[in-house]
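Welcome! Please take a look at the sequence and the model below, and then read on for a short tour.

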Amino acid sequence: TKPLMEWFWDHYIDAADRTDPRASPLRAQSLAGLPPATVITAEFDPLRDEGNAYAAAMAAAGVEVTHLPARGHTHISVPMVDVMISAAPIRQQMAEAIQSFFPSTVPA
C-alpha cells in the first residue's frame, strides 16, 4: 500500500534527501557513464516499475545493462536460498554478472 511504502521511505532516507540521485537514480540528469549493471525486478514487487524504468533509462543512456525479470517472485524472494528454489537460476545469473564486472586476476 502507499502508506506502507511511505513508512519504508521514512526509515530509509530523510524527506529532504529523497530527490538526491544517489537515493533515486531516475532523478539523475544523466545516467551515461555508469558501469555495467544487472537489474533484477520481481514480478510482484511494489518497486518493479521503478526497476524496469531504471534498466530502460540506463540502456537509453548507453549503459551496458542486463535486465532480469523474476517472474512469479516478490520483493525479497530471490535471495531466499533453499526456500525459493525457482529463484536458483536468477541467483546464478546474478553471480555470473558480479563475476563479469571484475577482470580475472588469474594469469592465462
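## A salt bridge in the opening helix

Let us begin with Glu 6, which is partly exposed, at a relative accessible area of 37%. For this term, buried means under 20% relative accessible area, exposed means over 50%, and partly exposed lies in between (1.4 Å probe, protein chains only). The side chain of Glu 6 meets that of Lys 2 in a salt bridge, at 3.1 Å from N to O. A salt bridge here is a side-chain nitrogen of Lys or Arg within 4 Å of a carboxyl oxygen of Asp or Glu.

Lys 2 and Glu 6 are separated by about one helical turn because they are four residues apart in helix α1. Lys 2 counts as exposed, with 61% relative accessibility.

## How the model was read

This is a predicted model, in which local features need pLDDT of at least 70 and side-chain atom pairs count only at pLDDT 80 or more, while totals for chains, interfaces and linings use all residues. Residues are numbered from 1 along each chain as its sequence is written, and side-chain values use heavy atoms, with hydrogens and water left out.

## The overall layout

The protein has three helices and two strands, and along the sequence they follow the pattern α-β-α-β-α. Helices (H or I, at least four residues) and strands (E, at least two) are DSSP runs, numbered from the N terminus. The C-alpha trace spans about 50 × 35 × 20 Å along its principal axes. Of the 108 residues, 21% count as buried.

How many salt bridges does a search of the whole structure find? There are four. Among them is the one between Arg 18 and Asp 10, whose side chains meet at 2.6 Å, N to O. Asp 10 counts as exposed, at 51% relative accessibility.

Another joins Asp 20 and Arg 22, with the closest N and O atoms 2.7 Å apart. Asp 20 is partly exposed at 21%, whereas Arg 22 is exposed at 75%.

## A nonpolar patch and an exposed Phe

Leu 4, Trp 7 and Phe 8 make a nonpolar surface patch of about 320 Å². Patches are made of residues with over 30% relative accessible area and no salt bridge, with like charges joined within 9 Å and nonpolar side chains (Val, Leu, Ile, Met, Phe, Trp, Tyr) within 5 Å. Accessible areas come from the Shrake-Rupley method with a 1.4 Å probe, and for residues only the protein chains shown count as cover. Trp 7 is found in helix α1 and is partly exposed, at 44% relative accessibility.

Over in strand β1 is Phe 44, which counts as exposed at 51% relative accessibility. Phe 44 and Arg 18 are 26 residues apart in sequence and 24 Å apart in space, C-alpha to C-alpha.

## The largest pocket

The largest pocket has a volume of about 1100 Å³. Of its 30 lining residues, the closest to the centre are Ala 23, Leu 47, Glu 50, Gly 51 and His 75. A pocket is an open set of points on a 1 Å grid over the protein atoms alone, where a 1.4 Å probe fits, with protein on both sides within 12 Å along at least five of seven lines; lining residues have an atom within 4 Å of a point. The volume is the space filled by probe spheres set on the points, which are joined across faces, edges and corners.

Which element gives the largest share of the lining? That is α1, with six residues.
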